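Please look through the sequence and the model before reading these comments. They are meant to be read with the structure open.

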Amino acid sequence: MNLQVKQRIPLKIKRMGINGEGIGFYKKTLVFVPGALKGEDVFCQVTAVKRNFVQAKLLKINKISKDRVQPRCPIYEKCGGCQIMHLAYKKQLDFKNEIIKQALKKFQPTGYENYEVRPTKGMENPYHYRAKLQFQTRHFSGSVKAGLFASNSHHLVPLENCLVQDELTQKIVNKATELLDKYKIPIYNERKIAGIRTIMVRKGQASSQVQLIFVTSRDLHLTALIRELRLAFPEIVTIAVNYNKSKSSEIYGDETDILWGKESIKEEVLDYSFSLSPRAFYQLNPRQTQVLYQEAVKALDIAKEDNLIDAYCGVGTIGFAFADKVNSVRGMDVIPEAIVDAKKNAKALGLTNTHYETGKAEDLIPKWYNAGYQASALVVDPPRTGLDNKLIKTILEVKPEKMVYVSCNASTLARDLVPLTKSYQVDYIQSVDMFPHTARVEAVVKLRRK
């Protein structure tokens, strides 16, 4: 490889990569160019030389793609929260379909060439869709600011009008940072200062109830700040503090205390309502969650006699969609607060055929089977890291008749399908755009035991 850092080169962009970057070849060397689109001729400068590829920054577009649009966000290129806002939304949906196909081609699970990869289901209005924000706080130009880190850095980009964030949650975090400044609350610094490091704000779309968490590395006095926030925003029903004293990149610590208000907020999906405590996981885009869960219900093709296991169940939301259609539902999650919520939600819904436990699926499923409980149906909705190897081994041992894999990462999905397709047939993959303007894609995979 003869390319060097700072070298300027012309490049034809052949396709887009999984992170939304343009990809081309310069004298047989793979080149990744963030901001470039498929079909464009660009001029770029090499920023890093790796073993099998180089990275470059876009300098000039000599031939512009007809699918390029002007991003509505004024700080789009600085922020890093969105990666493909410069691509027309209809083409974003095509790109997300292509991400799944690229991942399948890379990992090559059994029969992948013949999988039915259905067109991505998008949004009518792909803005202000995120019902939850997690913004970092830092001192910035003499005052407290909240926002996201720029790509591959710890440089904070303040966000006061994020176009993908729910507008009320944005107003609340703006007010919270103003009050942190006013009351001189200590703000975390990675080198020496303990204090507030993250603010989380989440809104229930159906109820408009809001919960807020301050993540801190030390005890703080927030009474006056809480009083002002409550007066400014009557929608806030929960204010909590989470203690995270570690130096890792993990957002939350293990201890969460409610400082004021209720333990949970109300939300709805499909035809049922449920409660969410501050730490419990729920999808970030409530409007598209409706679509995602409808697809999961359709894909599992359930029968009244089925026993269902809902792995990574969170507060029980996916399992509740099946509860009145099956003999029983069992779920598990590693976050204890989520399991408490799941049990309360099931009781509130009048469900008597559900059972929830705190723990890992790979540990609890063998325990349940040894105790005589056998599932004919399985739903898995893992984090971006995909399924644990031990869980895959467990699934292949117990082999439920039907299975739905809800994925938020095409690469780990394709990787996990390699062992799963030894015993299961992929009927189809239906992608859903949960995160417009980003390179992320969610997918529902229908699997049947061979």
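1. Basis. This is a predicted model, in which local features need pLDDT of at least 70 and side-chain atom pairs count only at pLDDT 80 or more, while totals for chains, interfaces and linings use all residues. Residues are numbered from 1 along each chain as its sequence is written, and side-chain values use heavy atoms, with hydrogens and water left out.

2. The largest core. A nonpolar core here is a set of buried Ala, Val, Leu, Ile, Met, Phe, Trp, Tyr and Cys residues joined through side-chain atoms within 4.5 Å. Buried means under 20% relative accessible area, exposed over 50%, and partly exposed in between (1.4 Å probe, protein chains only). The largest such core has 52 residues, and F322 and Y356 touch the most other members. Helix α5, residues 286-300, gives the most to this core, with six residues. Helices (H or I, at least four residues) and strands (E, at least two) are DSSP runs, numbered from the N terminus. Domain 2 (93-124 + 285-449) and domain 3 (132-271) both give residues to the core, so it lies between them. The domain bounds come from an automatic or database domain assignment.

3. Contact means heavy atoms within 4.5 Å. Leaving aside neighbours within four places in sequence, F322 is in contact with A296, V297, L300, I302, L308 and V379. There is also a second, separate core of 43 residues, which includes W368, Y369, V426 and A443.

4. Which residues of α9 (389-398) are buried? They are L391, I392, T394 and I395. These residues cover an arc of only 160° around the axis, which puts them on the same side of α9; the arc is that of the directions from the helix axis to the C-beta atoms. On the other side of α9, N389, K393 and E397 are exposed. The buried residues pack against α8 (361-370), β19 (377-380), β20 (402-407), α10 (410-420) and β21 (424-432).

5. The ends of α9. At the start of the helix, a side-chain oxygen of D388 comes to within 2.7 Å of the backbone nitrogen of K390. N389, in α9, has a relative accessible area of 63%. The C-alpha atoms of N389 and E362 are 8.8 Å apart, although 27 residues separate them along the chain. Just after α9, K399 takes a positive phi of about 45°.

6. Positive phi values. Most residues other than glycine have a negative phi. K399 is not a glycine; it sits in the loop between α9 and β20 and is partly exposed at 34% relative accessibility. S141 is another residue other than glycine with a positive phi, near 55°. S141 lies in the loop between β7 (132-140) and β8 (143-149) and is exposed, at 74% relative accessibility.

7. Annotated positions. C408 is in the loop between β20 and α10, and is buried at 11% relative accessibility. Not counting residues up to four places away in sequence, C408 touches P382, P383, R384, R440, V441 and E442. The span 2-60 is 0% helix and 61% strand, and its end C-alpha atoms lie 22 Å apart.

Notes:
A polar contact is a pair of N or O atoms within 3.5 Å; within protein, one must be able to donate a hydrogen and the other to accept it, and residues adjacent in sequence count only if both atoms are side-chain atoms.
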